[in-house]
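Please open the structure in your viewer and keep the selection panel at hand.

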Amino acid sequence: MKRVLVALLAISMAAGVLTGCGSKGSDKTFTVGFDAEFPPYGYRDDNGEYVGFDLDLAAEVCKRQGWELVKQPIDWDAKDMELSSGAIDCIWNGFTMNGREDAYTWTEPYVDNSQVFVVAAASGVQNKEELAGKVVAVQKDSSALAALNDEENSDNIALRDSFAQLIEYADYNTAFMDLEQGAVDAVAIDIGVAQYQIAQREAGKFVMLQGEDNKLAVEQYAVGFLKGNDELRDTVQKTLDEMAADGTFTQIAEKWGLTDSVCLGK
Amino acid sequence: MSLLTMSAQLAEGFLITVEIFVLTLLFSLPLGLIVAFGRMSGCKVIRIISKIYISIMRGTPLMLQIIVVYFAPFYVFRMHVGTGYRFPAVIVAFVINYAAYFAEIYRAGIESIPVGQYEAAQVLGYSKAQTFVKIILPQVVKRVLPPVTNETITLVKDTSMAFTISIAEMFTVAKQIGAAQTSVVPLLAAGVFYYIFNLVVASFMEYLEKKTSYYR
């Protein structure tokens, strides 16, 4: 019994040491808050590393500034608290600026993003009007949801009201599982994430509704800083501009297959 | 991704889960006893304070308590906490929450001992402290083991709430892998991890129950 207690104590102390020494000393750290369930912008790769288009951009900025990059996966619901308490320096994660212009200090947008609908190929649905009376899934607090609830866009409101039901999910993986088992008929989602999901899943099973008319909203991604933190924003913006000018930005976009949607320096 | 790589990554998250589990028990079990004493104290003020504490801890969601413990220093006192505060904050929140439940379990155990035993001990010349440590406590321990096991197993599963303040324990890792691989397998694998761990916990508690099967 005593030995067991001693062993438990030893484990817990060792564990404490392991977590306690996570941060190394460096001149300046740059902590990026991101949702690690948002490929291809920020997610966990096969080796357990946090990777993605946005994280690569952040890494390049840090390299040029001589900062140490800290990748901090956050609970998306707590992003504002994380930012204002100073636990993270910015939110860099396919972060839609439209509708949030006044809530953060933003860089220039670097990705043109739109919201699309993904349906099961077998359903035969071709355009968004056919979604009337159907069940549509969306991620909570996402731009797709914001677009559907945009009171100033009567088309979107009418579209939303035509659905039998709009269900909010904690993450897109769960939404797609529900789409796969037929409990929902469509998923409203960012185009970049939609492409990733369709490519990763069984070929030909899911399709995106094609055509500009079927897009829900056109919006832009930018890096969000705490309101008033212009100094840090300006430094990051300047570095991003340099990266766009010397082609590094395009290279990184190519690596992630996002050349069609990036807009920095265009 | 092979099942082996996935398990290896889950194991990393599992280490965090185990850390939360062990540290929470380490501190909440003794703290619960103190709260239980407060709850049964002869002093009315201490009794009421303990009652309010238990009532708040049991009456509000653990998720909210985690958020409050982590963010209150900044939002209430404007103190800047480093990112190293995340893990301690999780532990503090879990400890104060679980101590409240343990306190009530202890109280049930202590109050289940017949008054006659206290009277008999007094007649035999035992002091109050002696009565508690030598006569009451050994009986309480064996009586509270089953409900404590219940709480302990719940704790294993509650650790997934640590991600509220971005501590990536096993379930979060499973969800992240699931999102990247667009698969549900990592979640099921995490379930296997939880089940095996709880099996170990339950067996250990059963062993303790056997060890304490005295006075029969």
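Over the face of which residue does B:Arg78 lie? Select B:Arg78 together with B:Phe74: the arginine lies over the face of B:Phe74, at 4.6 Å from the ring centre. Please bear in mind throughout that this is a predicted model. For a second example, turn to chain A and select A:Lys28 and A:Trp67; A:Lys28 lies over the face of A:Trp67, at 4.6 Å from the ring centre.

**Aromatic pairs**

Next, display the aromatic side chains. The count over all chains comes to 30 aromatic pairs. One of them is formed by B:Phe94 and B:Tyr98, whose rings are stacked, at 6.4 Å centre to centre and with 10° between the planes. Both residues belong to helix α4 (residues 86-111) of chain B, and because they are four residues apart there, about one helical turn separates B:Phe94 from B:Tyr98. In an α-helix there are 3.6 residues a turn, so residues three or four places apart point the same way. B:Phe94 is buried, at a relative accessible area of 0%, and B:Tyr98 is buried as well, at 2%.

In chain A, select A:Phe38, A:Tyr41, A:Phe53, A:Trp92, A:Tyr110, A:Tyr221 and A:Phe249, which form one aromatic cluster.

**Helix α7 of chain B**

Now select residues 170-181 of chain B, which make up helix α7. Among the buried residues are B:Met170, B:Val173, B:Ile177 and B:Gln181.

At the start of α7(B), a side-chain oxygen of B:Glu169 comes to within 2.9 Å of the backbone nitrogen of B:Phe171. After α7(B) comes B:Thr182, with a positive phi near 45°.

**Cysteines**

Finally, select the cysteines. Then move to A:Cys263, which counts as buried at 14% relative accessibility. For the sulfur of A:Cys263, the closest cysteine sulfur is in A:Cys90, at 17 Å, again too far for a bond.

Notes. Residues are numbered from 1 along each chain as its sequence is written. Chains are lettered from A and ligands numbered from 1 in the order in which they are written. This is a predicted model: local features need pLDDT of at least 70, side-chain atom pairs count only at pLDDT 80 or more; totals for chains, interfaces and linings use all residues. Side-chain values use heavy atoms; hydrogens and water are left out. Rings of Phe, Tyr and Trp (its six-membered ring) pair if their centres lie within 6.5 Å; planes under 30 degrees apart count as stacked, over 60 as edge-to-face and the rest as tilted. Helices (H or I, at least four residues) and strands (E, at least two) are DSSP runs, numbered from the N terminus. Buried means under 20% relative accessible area, exposed over 50%, partly exposed in between (1.4 Å probe, protein chains only). A charge sits over a ring if NZ of Lys or CZ of Arg is within 6 Å of the ring centre and within 35 degrees of the ring normal. The expected span of a helix is 1.5 Å times one less than its number of residues. A polar contact is a pair of N or O atoms within 3.5 Å; within protein, one must be able to donate a hydrogen and the other to accept it, and residues adjacent in sequence count only if both atoms are side-chain atoms. A disulfide is a pair of cysteine sulfur atoms within 2.5 Å.
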